[in-house]
Amino acid sequence: MGHPNRRRTLRLFSLAIAGIVLTCAFATQAIAMTGAKVTVDRDTGGQLTRFTFAATSGQDEPVTRIDFLFPEGFDPADAKVDVTLLEGLKRLSTSFEQSIDPQTGVVSVMFDAPVPPKSNYLIQVRDVMTPIAGGTYELPVQYTVEASGTSSPEVRSVSGLTFKYNTPPREEVISRWLDSQAWVKMWNSVKVLDLFLKPQQFVRAVPLLFAGWLMSLSLVLSAFPISIMGGLGTAFMKMSKVPPVRWLASIYINVIRGTPLFLQIFVVFIGLRTTGLRFPDYLSAVVVLAFNSSAYLAEIFRAGIQSISKGQFEAASSLGMTYWQAMRYVIIPQTVRRVLPTMTSEFILLFKDTALFAAVGIFELMLRSQNFVARSGNLTAYVVAALYYLIITIPLINLVGRLEYKLAQSEHGVTAPTGKRRARGGVGPLSGPDFDATAAKHESR
Amino acid sequence: MSVAFIEGGFMSKGKKWVALVLAVALVLAVALTGCASKTDTGTSDTTGNTTKTVTLKTIEPGKLLVGSDTAFPPFESMNGNVAEGFDVDLMKAIGEKLGLEVTFKTEIFDTLIPTLKAGGKFDVIASGMTIKPDRQLEIDFSDPYYDSNQSLVMKKGTTYTGPEQLSGKKVGVQSGTTGEAWAKENVTGATLVPFKNATDAFAALQAGNVDAVVNDLPVSTELLKDDDRGLAIVAQIPTGEQYGFGVSKDNPDLTAAINKALAEIKSDGTYNDIYQKWFGILPE
């Protein structure tokens, strides 16, 4: 690249720089704590926060005291300190005293006996109130090294320890406001309400789970059109006059319907990937769903087509129509109407089945609510997730009921049995043996 | 089934509803009295005092039901349908001291605490659970019985330089664990993928669905011990955490009894035997 001469000077120059840096580092690093860092357990400000200081003391550093100089705006008045000391991975026993100066915001840890050099420090300062405004802050730390022989105790400092958090979003602010309300406290004093319908958690969960809801919905909306095509294709294969084609369709339908969707998901997400065959998560999920649902829809379509009386075929062919023409203009249009309620049911099932993807790390509704529950130890997120599922399923269940009613009226001219509640049972005019079987198998998927 | 029967149509609409309401009321009544009688027998037993024969309040009299995420060897795992492991043996030894028959119940780790709090399913959590201040707000813990650390596991041959390396990557964790909390605080810029148990997280790492897994060191060591999964512990993370048994805050007698039994087991050598059985060495 550059001129050889210039390159040499450059290299010399950089070597010199490195040398200076190294000597500086040696001068300070040899006596300073290494790997020091500060982390916080909260993403947002304006709440009690746990600060974790981790570091390893130097070779000549028997530490007797550590001070945390919290910056302006931080209130450690009610802070509690936990200290974990390790030699390598082995936990050391320790005893210490803590003192807090609320005026200056200094939290001090005084060890009863000097901590041996080269120890791993993990000091947690809990319940420090942080200012609400997010940003990057610095926490200066000072520590005192025990006097040795000639030298007196020396105070050394660790600077550049930064941490950051964000300003809380609106739902977080609402939730904290709820914390202080009397009626919320009353409500939460009932164990069941507190566990399943805690207002604070509810407010938090709704926006957080929304993204998961969209994910679940988009999975099923991408997969369902594919499975309609796949299902139709498979249905025709199953009715084919060529035996091997028929067998192929049968095997596919039976294997898919005869195994849990959960297992199919694992085959694609774990099994195939272990062998090196991998697709993006989203694509894999859509493919599994479509593959699964196709098999069910195939049976629904086949039963629907075969439920149209043979006479219609005969009539169509007597008009000079070919098999496919009869299908296209006579049979399929009638089938669609008959099949619509069961198809909608299948859609509902498929939508609910997206929950299974939680097990393979797709961030849909179920996984998000599980995470929320895991973090909060409160089950309200499950109730919110249930509501999100119901927003989709209840209107569709209603639709199925109405479709069945209309279908029954147009085909028989009679009132269907109160359809809505029995969406899974006999489906009016379609309750031939095939249909019952399909519906029944569905439930145990 | 009774609903279907009612829907069969030989009752008038009004009667149908009455019957339905009655049926629901009946079920509720049975359930409630069932619960009530259980708690009754429980509370009447807690009259004993500091003397040895304190009758402990447990869900099923004479039994100690233990909730555990049994996919966490060598602490707990399922051998067929029998739970085994360090925690299991320790709990059994404690049960022996307390005169209670120990039964393990499998539960997902992140639901252990809410389930224990809700009550009625198990009396104790023995699941390699670290004693942590935020957990102590929810439940009580026994004295610590094991010192643990965290580990970072990646594909074999990966050189690990520090948490910055994982920025933008996917990191698998077990939901609700201290490993998850560590990753959340220390691995910035990575996507955390929670799994319901440690074995699922490792399977995902093996399949390449995640780039790294943060998990308790002794469990990673055990899981990667002899089967060649192409994974390796790339970093040992000193956290100095300590495992304890979880007990409901409503049952302080049980916590005290477990602590007492644990101390006895430690002094009479049973603890060391169990430790050696599962870790192959004696505790330091």
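Predicted model: local features only at pLDDT ≥ 70, side-chain atom pairs only at ≥ 80, totals over all residues.
Residues are numbered from 1 along each chain as its sequence is written, while chains are lettered from A and ligands numbered from 1 in the order in which they are written. Helices (H or I, at least four residues) and strands (E, at least two) are DSSP runs, numbered from the N terminus.

**Chain A overall**

- Chain A holds 13 helices and 12 strands.
- Of its 445 residues, 33% are buried. A residue is buried if 20 or more other C-beta atoms lie within 10 Å of its own, exposed if 12 or fewer, and partly exposed in between; the C-beta atoms are placed from the backbone.
- Among contacts in chain A with a separation of 6 or more, 72% join residues 24 or more positions apart. Two residues are in contact if their C-beta atoms, placed from the backbone, lie within 7 Å.

**Helix H12 of chain A**

- H12(A) covers residues 380-412, and its 33 residues should span 48 Å at 1.5 Å a residue. The expected span is 1.5 Å times one less than the number of residues. The end C-alpha atoms of H12(A) are 47 Å apart, which agrees.
- A kink of about 35° is centred on Leu390(A). The bend at a residue is the angle between axes fitted to the seven residues ending there and the seven starting there.
- Buried residues of H12(A) include Val384(A), Tyr388(A), Leu403(A) and Leu407(A).
- The buried residues of H12(A) pack against H4 (191-196), H5 (199-238), H10 (323-353) and H11 (365-376) of chain A.

**The sheet in chain B**

- Five strands form an open sheet: it has 5 strands in the order E10-E9-E11-E8-E12 (chain B), with mixed pairing. Two strands pair if DSSP finds at least two bridges between them.
- E10 and E12 of chain B are the edge strands, each pairing on one side only.
- From one strand to the next, the twist averages 25°. Axes are lines fitted to C-alpha atoms, for helices over the stretch in contact, and angles run from 0 to 180 degrees between N-to-C directions.
- E8(B) and E12(B) are antiparallel, with 9 bridges. Met154(B) sits opposite Ala232(B) in E12(B).
- E8(B) and E11(B) also run antiparallel, joined by 4 bridges. Here Val153(B) faces Val213(B) in E11(B).
- E9(B) and E11(B) are parallel, with 3 bridges. Val171(B) stands opposite Ala212(B) in E11(B).
- E11(B) is largely enclosed by the rest of the structure, because 5 of its 5 residues are buried.

**Around helix H6 of chain B**

- H6(B) lies across E8, E9 (170-174), E10, E11 (212-216) and E12 of chain B, at about 150° to E9(B).
- Thr188(B) is in the loop between H6 and E10 of chain B. Thr188(B) has 13 C-beta neighbours inside 10 Å, so it counts as partly exposed.
- Thr188(B) and Ser167(B) are 21 residues apart in sequence, but 6.2 Å apart in space, C-alpha to C-alpha.

**Where the chains meet**

- Contacts link 27 residues of chain B with 25 residues of chain A.
- On the chain B side, the elements giving two or more residues are H4 (112-118), E8 (146-155), H6 (178-186), E10 (191-195), H7 (198-207) and E12 (231-243) of chain B.
- That side of chain B has 11 nonpolar, 10 polar and 6 charged residues. Ala, Val, Leu, Ile, Met, Phe, Trp, Tyr, Cys and Pro count as nonpolar, Asp, Glu, Lys and Arg as charged, and the others, Gly among them, as polar.
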